Amino acid sequence: MTEAAQRDTEIAVDREARIRRALEHLKNDTTDQFDAPTYFMPDEFTDPELAERERELVFGRVPSIVAHSSEIANTYDFKAIRMPRNNIIISRQRDGSVKALVNLCRHRGALLENEECGKRRLFSCPYHRWSYDIDGTLRTITRETTVGELDKSELGMVELPCEERHGFIWVIDRAGVEIDVAKWLGPEMDAILSTYDLAGLNCIRMEAFDEPINWKIMQDAFLDGYHIQYAHPNTAAKHIHTNVMAFEDFGNHCRFVAPRKTIDRWLEEDPGENSLVDYVTETHFLGPNVTLLKQPDHFQLLTFRPHPASPTHGVMEMRLMVRSAEEMGLEQERWERLWEKNWQILLAVLRQEDFPVLRDSQLGMSSQSAGRMVLGRNEVANQLFRRMLAELLADDAS
Ligand code: FES
Ligand SMILES: [Fe+2]
């Protein structure tokens, strides 16, 4: 057996074992658990000082995903993104690499780009028409002789640390620091992502939701397998079991398997050597702010970011990433119908079921005498998310 084949076999064996662990939990009405419940206060979701620390010590320090590579597939493609500390542009360079640049003209600060995405050979300022190359170099100063002598090399767009890895574009929201995505992911999660061929997928749908909700309230909802039956009785709960997780802790990241309802046929019958991969959803939390869902035939990416100023607002982005019609062996029209239907279901659950509850949670947190609240031992991924943030926020060293 080649080394790669050996590795694939090990991964498959490990996956089947984890799924069987989830199946045992389902049979016994149990789930993986954290060591103890954790108590917390409502001001975590309303305090402007904490929000500032999160922008600085979390987003200004560690890499987070801002797009799938296929969203800016070709040279001159760009996207404009509002990060917690900076408005940025990511753009595909002539050599195929990606740069992240602060979306701001170095003359008097106008926003260089106000389209959300598109193609540009130059970023051209609407105010006095200075223009910049896609790599951020200042090219033209209009009426230059009257402006006076300037060192153009000092007045390029400011670059942020940016890396493309596992089919995603990662950015640290602070100029002048080193980025090392593999190091942040750690060996386990980096290896897991490398087995998914995420770079070979196409991001066919993406939508951003600007909500009056702290980003952590939103992130928590998408690490939570406990609310499904109660908040989504007629939608998600028809497909996924509630409060059953086989969980792995990778420090700043984690992964958990949750059984789909189709697995019920194996509750009585012994699955033996049968593969159970089509009977589960595998969820990955990629710290600090991403949920990556691996479904039997596609991936969903959910990202959560704080508002640049308000602790009571945040942005969630949802992406659907799939294989091409050809690779799936489907006629184009059927393929399009399939994913459109899938996407509309996701949107409906989000808008009609999750966001209303989460907006109300944010309102709940504004009560001044709210008292302390609690995360249960069963809420393992949420516990890990809190632990990760607490560690980043405690460490002021950088
Ligand atoms: S502010 Fe951009 S050219 Fe003046
Ligand atoms: Fe939900």
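The model is predicted, so local features need pLDDT of at least 70 and side-chain atom pairs count only at pLDDT 80 or more, while totals for chains, interfaces and linings use all residues. Residues are numbered from 1 along each chain as its sequence is written, and chains are lettered from A and ligands numbered from 1 in the order in which they are written.

**Overall build**
- The protein has nine helices and 20 strands, where helices (H or I, at least four residues) and strands (E, at least two) are DSSP runs numbered from the N terminus.
- Its radius of gyration, taken over C-alpha atoms, is 23 Å, close to the 21 Å from the globule rule for 398 residues, so the protein is as compact as a globular protein of that length. That rule is 2.2 Å times the number of residues to the power 0.38.
- Along the principal axes, the C-alpha trace spans about 85 × 60 × 40 Å.

**Two domains**
- Domain 1 covers 3-58 + 180-394 and domain 2 covers 64-165, with bounds from an automatic or database domain assignment.
- Their centres, taken over C-alpha atoms, are 33 Å apart.

**Where the domains touch**
- Domain 1 brings 19 residues to the contact and domain 2 brings 12 residues; a contact means C-beta atoms, placed from the backbone, within 7 Å.
- On the domain 1 side, α4 (181-194), β13 (202-211), β18 (299-306) and β19 (314-322) each give two or more residues.
- β18 gives the most to that side, with four residues.

Key:
Contact = placed C-beta atoms within 7 Å.
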